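Thank you for coming; please have a look at the sequence and the model on the screen, and I will then talk through a few parts of it.

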Amino acid sequence: MARFVLNVAVGFAAGLLLAIALPLAFGARPLTVLSGSMAPTLATGDVVVAEHVRPAQVRPGDVVTYRSPAGTPITHRVRAIHRHGSIYAVVTRGDANNAVERWTIASDGDLSRALYRVPLAGRLLARTSSRTGRFVLLVAPLLLLGAWEIRRIWRPRETPA
């Protein structure tokens, strides 16, 4: 039973790692949702994997991440997008918000479109960035592995009959 639980835990951790880290090899990036402005579509603590796109590729209904004038990333749904020469006028709104944001972006501007979300993974990532989280993530498994090996070495050997 313990082996089954260990295999399930390792499989879950590997799947979570692949879902978040593998897209980096293909140019996508994981972003942690920090507010409830996109609830219920995206909850606080979810990780959104987003790909870099040109503004011409964005359509109403897409969930995009852009930089606010203050420089913080914002992930909201596109309500409308219009081209004016080499500038795009975009209207976005969080699913849980009443107000819309109106902003512009150049045709070569930095914009990302959400591909998928990994529920609650951001909470796990936030915890692993603390000193205790790094200990639990790195040192504790090494200690468990060491204890397992010591137990294996000191265990009495079975003699063949």
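L143 sits in helix α3, residues 131-154, where helices (H or I, at least four residues) and strands (E, at least two) are DSSP runs numbered from the N terminus. This is a predicted model, in which local features need pLDDT of at least 70 and side-chain atom pairs count only at pLDDT 80 or more, while totals for chains, interfaces and linings use all residues. Residues are numbered from 1 along each chain as its sequence is written, and side-chain values use heavy atoms, with hydrogens and water left out.

With a relative accessible area of 53%, L143 is exposed; that word means over 50%, buried means under 20%, and partly exposed lies in between, with a 1.4 Å probe and protein chains only.

Turning to the sheet, seven strands form an open one in the order β1-β2-β7-β3-β4-β5-β6, with antiparallel pairing, and two strands pair if DSSP finds at least two bridges between them. Its edge strands, β1 (28-32) and β6, each pair on one side only. Between β2 (residues 47-53) and β7 (residues 111-118), which run antiparallel, there are seven bridges, and H52 has S112 in β7 as its bridge partner.

How many aromatic pairs are there? The count is one, for rings of Phe, Tyr and Trp (its six-membered ring) with centres within 6.5 Å, called stacked under 30 degrees between planes, edge-to-face over 60 and tilted for the rest. The ring centres of Y66 and W103 are 4.0 Å apart and their planes at 20 degrees, so this pair is stacked. Because Y66 lies in strand β3 (residues 63-67) and W103 in strand β6 (residues 101-106), the pair ties together parts 37 residues apart in sequence. Both Y66 and W103 are buried.
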